[in-house]
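Me: I would like to go through this structure with you by question and answer, taking one topic at a time.
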Amino acid sequence: MSESTPAAPSNMVTLTIDGQTVAVPKGTNVLEAARTLGTDISAFCYHPGLSIAACCRQCLVSIEKNPKLQPSCQSAVAEGMVVHTKDPQSTLARKQMLEFTLVNHPIDCPICDKAGECTLQKLYFDHDNANSRVDTPKVHKDKAVDLGPTVVLDQERCILCTRCIRVCDEVAGVHQLEMSQRGDHETLGTAPGAKLDNPYSLNVVDVCPVGALTAKDFRFTMRAWELEATPSICQGCATGCNLEIHHKNERAWRLIPRHNDDVNQYWMCDDGRFTYRDLREERLAVATVGGLPSGWDRALARAGERLAAVLKQSSSLGVVLSATHSNEDNFALAMLAKAWGAGRIFLGARAAVPERADDKLRDADVNPNTAGVNAIAKALGLTLGSGADLEEAVNAGAVHAVVVLGDALNVSEQALARLAEIEVIAIASHERGVVKQAKVALPVAAWAELAGTVTNRKGLVQRMHAAFPPPGQAIPGWEAVVRLAGATGVKFSWTHAREVFKDMTGKVSELSGHTWVREARPLQLRFAGSRG
Amino acid sequence: MSSSHAHDESAEPQKGPKVLAVSPKNPNVRTIQVVRPENADTTFLAATATGLGITIRHFGKNLLLPRKSVEALGQGGAAAHVRFKNDIETIQYPEEKVQYPERYRGLHRLMLRDDGAVRCVACMCCPTVCPAHCITIVPEESSDPSIEKRPAVFEIDELRCVVCGLCVEACPCDAIRMDTAEHAKPVEERWEAVENKASLMGRGIRSTATQGGEGPTWRDKK
């Protein structure tokens, strides 16, 4: 057949949906084909990242030459197929399916955390919007069932779509959730002897189309419609999962995975989701001198004075780049190190956690930008020493002053104590580790507060967007480097992270060809429709 | 729908304000065009004179009517007192107070459950709808699994409140009301105007509304 239509390659199938002709790859289902035309067929159990169950029957459509309505999620496209999604028969069927789904659903939207981003709520207003015709009492099941360390289940709200079971089976690779009983007494629960404790458990909350599964971490803290979403990249490990920061009042409330087929598909691990807590803990909000709050001017004056003395013999100056900071921050500091002629360059990173690695999303390297820093150092001809090298250099007295980006050093307690004795100038977002002992500490923005890029383990350069402003006197890291450079008489002309990035793409071959992605405007979730 | 719409418009005689649209659900709900004449006299002399006229009339009534009324009735007692009260324009506040209309929006109050617990389930509908952002709610998990959610903190800044009543409209469970007919109290410090959960509940009474509406609900006792 495809030979007769030379325009369509042989792996494409042409079909008609609601009178519109569309060509989609062979093996696509009708529901996805309709979505390419902008026709969103309602569905609960279908999720593009999971296997197909076709158990909710919410996506029924009429396909010509079929005697009965077909679930569009399970019907593969065929050449010449004619599909009607808006004809009276299938519209009525979907409306009636929704009514059945609502028979035992406790319409407790006011106290349900999913309200505002609930698929059932959305479909009710899209399809039905009618009063209940059911006058028999609803089936009662258990409420607030503790499934494990992260998730709470409300069995009454569950509409039995089995998405969560498939997430555990197919994404986490463990069978921890199960349906029991039959008919309207069918109940979701943990499999015998199991707890929902896999490292990807919170994905079940995302895929839940209703409020049956709620995250303990987010439960009852914030209503979905009050939040705004800004796209960013997870800083939990080198995988660089794409995520959305859901924030309000200049504070992140939760992290939700964002679809990217090249990195994380639709998923994210629990550890990554909890990294938002770190944005408010132990923050360095004001420039300090000798551990005391001082302000930028005095801190820079003090740093410039000390560095001027050390730079007379620049081989005794150490500079530590950071695998936990963005490419822009690292590039700026690396350029400054070159301008200073610093003797030793090191890589500051969090210690690897081999036991967390798996073949899915979690990586042993818990730094988001190791690949990026290495690429920058290579391109600028700098040799990066490890934490052990830094320890050795400090113990041997080879460095008299160290400029540190970030707070992660991966050195022993003894080396940290030795570092307290020499001149440490820290450029960091958090006041911990080496930053606590720094003679001068310059406050910079954390990952959720800056525009920048990070390079993941596959070498993919991904853009982070600023969700809210940094606390106190903190400024973006590259800007702190520019100020520090000015204090030592080195001039950089960058005025925006975009300019640093542009400069960097010209010098770092791994980044050449990349363009600066425009700033994303926060999306108000009250206009985002349903999620899950 | 469209036919009934047309019927409503044709049945209505074309007088009074111009009808722009009629709700298809309720013909009494309609959008009308209000013609406001251009303000020709920007000195407001005529309006000032009208206003002064009203003031003078009230002054005259206050001065003359009570004695006249009592004399005209010629019997004194309660009936005269009533007449006196009705005729005179000045209210002797605070000894004498105006009876507010039934739907007057006064200070907020939080309604109570039968056991005296707060009825509010911290659904956040009222802070969402509040145009003045004067409501602060911090939810918490209730110890009662059939209630699930309740406010740990419920604060209303009565200085910020614009008394629009949208919070009462938005409330799905008759938890907040503005039917106290009380004014916001005068305060010396701004923070004193912030009503907290205890003070709001202090004015509350047990609500007679059925939780979840009438009829069989998901929380029916078996």
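Reply: What follows is a set of questions and answers on a predicted model.

Me: How many residues line the largest cavity, and which are the closest to its centre?
Reply: A search of the whole structure finds five cavities of 30 Å³ or more, and about 220 Å³ of space lies in the largest cavity. Its lining is made up of 19 residues, and the closest to the centre are A:V205, A:A215, A:F218, A:R254 and A:I256.

Me: Which elements give two or more residues to that lining?
Reply: Chain A supplies the elements that meet this condition. They are helix 5 (203-207), strand 10 (213-215) and strand 13 (251-257).

Me: With which side chain does A:R254 meet in a salt bridge, and how many residues apart are the two?
Reply: The structure holds 39 salt bridges over all chains, and one of them joins the side chains of A:R254 and A:E117 at 3.1 Å, N to O. A:R254 belongs to strand 13 of chain A, whereas A:E117 sits in the loop between helix 2 (88-103) and helix 3 (119-128) of chain A. The pair therefore links distant parts of the chain under the 4 Å limit for such a bridge. The partner is A:E117, and the separation is 137 residues.

Me: Where in chain A does pLDDT stay under 50?
Reply: The mean pLDDT of chain A is 92, with 98% of its residues at 70 or more. The stretch under 50, for which the model has three contacts beyond four places in sequence, is residues 1-6.

Me: What accessible area does the nonpolar surface patch of chain B have together?
Reply: The patch is formed by B:I91, B:Y93, B:V98 and B:Y100, and B:V98 lies in the loop between helix 3 (77-87) and strand 3 (109-110) of chain B. Together these residues have an accessible area of about 390 Å².

Methods: Residues numbered from 1 in each chain as written. Chains lettered and ligands numbered in written order. Predicted model: local features only at pLDDT ≥ 70, side-chain atom pairs only at ≥ 80, totals over all residues. Heavy atoms only, no water. Patch = residues over 30% accessible without salt bridge, like charges linked within 9 Å, V, L, I, M, F, W, Y side chains within 5 Å. Areas by Shrake-Rupley, 256 points an atom, 1.4 Å probe, with all protein chains shown as cover. pLDDT = per-residue confidence, 0-100. Contact = heavy atoms within 4.5 Å. 1 Å grid on protein atoms, 1.4 Å probe; cavity = no way out; pocket = protein on both sides within 12 Å on 5 of 7 lines; lining within 4 Å. Points joined across faces, edges and corners; volume = space filled by probe spheres on them.
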